[in-house]
Amino acid sequence: MIDAPRTSLATDLTIDQRRFWSTIEASAAIGVGRPGGLSRVALTDADREMRDLFRDWCVGAGYGVTVDAVGNLFARRAGRDRSLAPVVLGSHLDTQINGGRYDGIVGVMAALEVLRSLDDRGIATRRPVEIAVWTNEEGARFSPPMVGSAAFAGVHPVEWVHARCADDGATIGEELRRIGYLGDAPVGGRPLDSYLELHIEQGPELHARGIPVGVVTHGYTAYGFIVDVAGETAHTGPWPMDKRRNALVGAAMLAVAVNDIGWKYHASGGKGTAARIVAWPNKPGILSDSAQFTGDVRHDDPAVADAMRDEFMAALSDCARRSQCDMRVFDQWHWGADIFDAGMVALVRDSARSLGIATLDLPSQAGHDAYHVAKVAPTAMIFTPCRDGITHNNLEHTDLNATVPGVNVLLHAALARADR
Ligand SMILES: [Zn+2]
């Protein structure tokens, strides 16, 4: 172990590129989906296989692995002072049903490569450095997304998380137990020095401009909604139009309304998303008496996002009247723009500058675990390019050369923070 001044390490300390990319390739073989993509949905057998492999790598490297009661996995590389709070690096290993090979995965493997690179040099940091793998980031099987990091930040109680139910009837608690990741570590409630998350941009800017590293300055302000729609079953033939209370139609009206709001603000980068409709009985020959709609609105300008939310609520009243259904907001979520720590954001920028790596300041439009962790620790994010911004799609693509600069920035930012 050496305690050399960082200046002597600053320029020549880099990751092992080949080793880093081999972990991405190993991940790409687990939970294979459509060609080129992954379908490694949270708490499935494929998720277990990936977790097992990752845990084995960490145990093999001598890191202390713990799993908490919502399945978040932590791997700790000890620091010189065990009493100090750790620097935490992480992201997620679950994917969408038609997901890519890089969303979340690059951030976890980058964190592992940072720890391994410190091992290579025998660098003993002052603080521990930890990898976090958050449970169910995508929300593809269990709603809401980012539920593991949210629980860690104290947003949801553990029992509430365990009770989240998938369409197949399984709950998070049952599935954690089934795959062996119902851990015994407490969820959150411990101090973190800081949190850094590297993630593919999931937008086109870095790739289009040929800039390797995005410094994430803030998030889009977003409002999400789950709306319960209550109607009444009836025969699709004789029942007159003016008596119909078709919940499927009410939910569909909401889908169109939120999409229209997105288009209204399209020129300034606003988004309105109809994400999901479930209806019951959802059969030919009968009108549906219940439906549930999930969607969201988001914008870079918080005031505009507020206006979009208000327009959605007004549209909800209108859709309820026209469909003759009762509509009730069953659940809603919100995140604001002001989430990241200015000092941490500056650290990312300065780390890149010291390595001679060009950066672009940009907001994050997607939700990330970092948003929740930011509630309990100073947090920043590093974006790396992905081709044409394509994501949540089997054609999602990036490569080693595009990604390595960001991982080296992560390494140096983590090291600076760990020696603080
Ligand atoms: Zn992700």
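This report covers a zinc site, a pocket, the cysteines and some backbone features of a predicted model.

## Basis

The model is predicted: local features need pLDDT of at least 70, side-chain atom pairs count only at pLDDT 80 or more, and totals for chains, interfaces and linings use all residues. Residues are numbered from 1 along each chain as its sequence is written, and side-chain values use heavy atoms, with hydrogens and water left out.

## Zinc site

Three protein residues donate to the zinc ion: H92 through NE2, D103 through OD and H199 through NE2. They lie 1.9 to 2.2 Å from the ion. Donors here are N, O and S atoms within 2.8 Å of the metal (3.2 Å for Na, K and Ca); water is not among the atoms, so sites may look incomplete. The spacing of the donor residues in sequence is H-x10-D-x95-H. H92 sits in the loop between β3 (87-91) and α3 (105-121), and H199 in strand β5 (residues 194-200), so the two tie together parts that are 107 residues apart in sequence. Helices (H or I, at least four residues) and strands (E, at least two) are DSSP runs, numbered from the N terminus.

H92 and H199 are both buried. Buried means under 20% relative accessible area, exposed over 50%, and partly exposed in between (1.4 Å probe, protein chains only).

## Second largest pocket

The second largest pocket holds about 220 Å³ of space. A pocket is an open set of points on a 1 Å grid over the protein atoms alone, where a 1.4 Å probe fits, with protein on both sides within 12 Å along at least five of seven lines; lining residues have an atom within 4 Å of a point. Points are joined across faces, edges and corners, and the volume is the space filled by probe spheres set on them.

This pocket has 15 lining residues. P144, V155, H156, W333 and H372 lie nearest its centre. β10 (326-335) and α11 (369-373) each supply at least two lining residues. The largest share, five residues, comes from β10. Domain 1 (6-220 + 337-418) and domain 2 (222-335) each give at least three residues to the lining. The domain bounds come from an automatic or database domain assignment.

By class, the lining has nine nonpolar, four polar and two charged residues. Ala, Val, Leu, Ile, Met, Phe, Trp, Tyr, Cys and Pro count as nonpolar, Asp, Glu, Lys and Arg as charged, and the others, Gly among them, as polar.

## Cysteines

The model has zero disulfides, a disulfide being a pair of cysteine sulfur atoms within 2.5 Å. C58 is buried at 0% relative accessibility. C386 is also buried, at 1%.

## Backbone features

Most residues other than glycine have a negative phi, and most peptide bonds are trans. The bond from S143 to P144 is cis, with omega near 0 degrees. P144 belongs to the loop between β4 (129-133) and α4 (147-152). A cis bond also joins W280 and P281, with omega about 5 degrees. P281 is in the loop between β8 and β9 (290-299).

L43 is not a glycine, yet its phi is positive, about 65 degrees. L43 lies in the loop between α1 (17-27) and α2 (45-60) and is buried at 0%. Q324 has a positive phi of about 60 degrees and is not a glycine either. Its loop runs between α9 (302-323) and β10. Q324 is partly exposed, at 35% relative accessibility.
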